[in-house]
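I would ask everyone to look at the sequence and the structure on the screen before we proceed.

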Amino acid sequence: MTGRVLLVTPVVPSDRGNGLAMRAGMWLSALAKLGPVDLAVLPIYPAPSTAADFARSLSTSVTVLRARFISSAAEDARIEVESESLESLSRIAQDSTLVVIFRLAAADLVSAALPDVPRILDLDDLDWVREERLGRQEAARSALARAQQLAPECRLLVVANSADLSAFRAVAPGIPVMALPNVVDEPRDRAEVADARGGTHEIDLLFVGTLGYEPNMRGVEWVIDQVLPWLPGVTFAAVGALPPPNMLGRASDRVRIVANPRSVTPWYRAARVAVVPLWAGSGTRTKIPEAWAHEVPIVSTPIGAEGFCEERSDGLLIAADPESFAAHCRALLASPDHASELVTAGLRRYREGYTPEVAARSVQSAVRAALEGHQP
């Protein structure tokens with residue numbers, strides 16, 4: 001690819017931490033392999049402390065867009081980008097061959113400032129699907145209207161799984177769209193992960209995710225209140241960033257709430273089963289390929305496994321009610337052979353479809369399609 005790419009993202013890209021920052025990092029890493037990348041960050045969402053160094057190491061330039069909150073209420077969080085930042089963004093984009101915008105929130109705020117340059121918009125999380133599943137119908141309608149308005153401005157839309165592909169085509173027919181799943185790096189201490197298999201574990205069930213994100217919060221509460229009663233003596237740890245005070249208050253002799261860990265790898269090493277108890281959200285959950293890469297068997301709800309089980313179901317167990325979910329966990333805890341079979345299948349799926357190398361090839365295909373104006 002020739003020319004420069006401008007990547008606009010609402011979070012500082014990272015190679016670790018929360019799934020949002022990691023997906024932005026996936027884009028930055030893959031685009032940097034193709035040529036120079038100018039990065040523009042509108043810091044709406046939190047990122048790990050290591051993100052800034054990671055982003056600077058791969059970017060030709062980094063611009064932080066300044067914004068002000070119009071409303072910070074939880075149900076009506078609105079921000080406005082300052083005009084000076086929009087002017088800076090427009091100047092950078094003038095020299096770009098391609099603009100990649102990550103997330104509807106970023107596109108909504110900066111789209112008008114961008115010149116007529118080919119664009120890719122990554123809707124890794126279909127906002128209207130997430131809001132509808134959370135019961136916020138007005139917010140869902142508003143997000144859908146904005147997506148339908150902004151989509152025609154783009155050469156290509158990207159979503160995170162085949163289910164979202166169908167959902168997007170249903171509401172915006174005729175717009176070129178492709179699926180690009182979330183990916184994760186292999187654990188840096190692969191030998192330690194392998195050594196931990198069959199060893200002494202300190203945690204029975206593990207959930208990893210941003211604990212301040214509402215679908216994750218609801219999932220953790222569901223495990224504590226509805227799944228653990230079916231599993232006497234079983235321990236559970238919820239590990240991630242930004243747990244609210246009410247979640248910290250759920251810690252007990254069987255439940256650990258771990259805030260803002262430096263690395264999730266030690267927690268995967270200590271766990272016997274990873275759980276993905278989600279009932280809202282969309283996209284593909286980074287926590288599934290992450291558990292596969294760490295060689296931990298997975299039990300998920302159907303929504304948690306969305307994007308992973310439409311065409312094949314190996315590598316994870318799925319249950320739609322607390323008793324069945326607990327039964328899957330109990331079976332894995334009781335049978336190391338059963339758990340090992342699931343681990344082997346999951347690691348195979350990770351290496352086939354969820355590594356940075358896979359993402360780099362998909363991003364290259366997306367860039368070529370956007371620049372040449374065809375469906376990838």
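This is a predicted model: local features need pLDDT of at least 70, side-chain atom pairs count only at pLDDT 80 or more; totals for chains, interfaces and linings use all residues.

**Salt bridges, sheet and cores**

The partner of Arg-66 in a salt bridge is Glu-82, and their closest N and O atoms are 3.8 Å apart. This pair links distant parts of the chain: Arg-66 sits in the loop between strands S3 and S4, while Glu-82, 16 residues away, sits in the loop between strand S5 and helix H3. Glu-82 is partly exposed, at a relative accessible area of 24%.

Arg-285 forms a salt bridge with Glu-306, with 3.7 Å between the closest N and O atoms.

Glu-214 and Arg-218 meet through their side chains in a salt bridge of 2.8 Å, N to O. They are separated by about one helical turn, because they stand four residues apart in helix H9. Both residues also belong to a network of salt bridges, whose members include Arg-103, Asp-124 and Arg-136. The count for the model comes to 24 salt bridges. As a general principle, side chains of opposite charge can pair when their charged atoms come close.

I now turn to the sheet. Six strands form an open, parallel sheet in the order S12-S11-S10-S13-S14-S15. Its edge strands are S12 and S15, each of which pairs on one side only. Two bridges join S14 to S15, and Val-299 stands opposite Leu-317 in S15. Helix H13 packs on the sheet, where it touches S10, S13, S14 and S15, and its direction makes about 160 degrees with that of S13.

Finally, the nonpolar cores. Which residues have the most contacts inside the largest one? They are Leu-205 and Phe-236, in a core of 56 residues. Leu-205 touches, among others, Leu-228, Phe-236, Val-273 and Leu-333. Apart from this core lies another, of 36 residues, including Val-129 and Leu-150. In soluble globular proteins, nonpolar side chains tend to be buried together.

Terms used. Residues are numbered from 1 along each chain as its sequence is written. Side-chain values use heavy atoms; hydrogens and water are left out. Two strands pair if DSSP finds at least two bridges between them. Contact means heavy atoms within 4.5 Å. Axes are lines fitted to C-alpha atoms, for helices over the stretch in contact, and angles run from 0 to 180 degrees between N-to-C directions. A nonpolar core is a set of buried Ala, Val, Leu, Ile, Met, Phe, Trp, Tyr and Cys residues joined through side-chain atoms within 4.5 Å. Buried means under 20% relative accessible area, exposed over 50%, partly exposed in between (1.4 Å probe, protein chains only). A salt bridge is a side-chain nitrogen of Lys or Arg within 4 Å of a carboxyl oxygen of Asp or Glu. Lists of a residue's contacts leave out its neighbours within four places in sequence.
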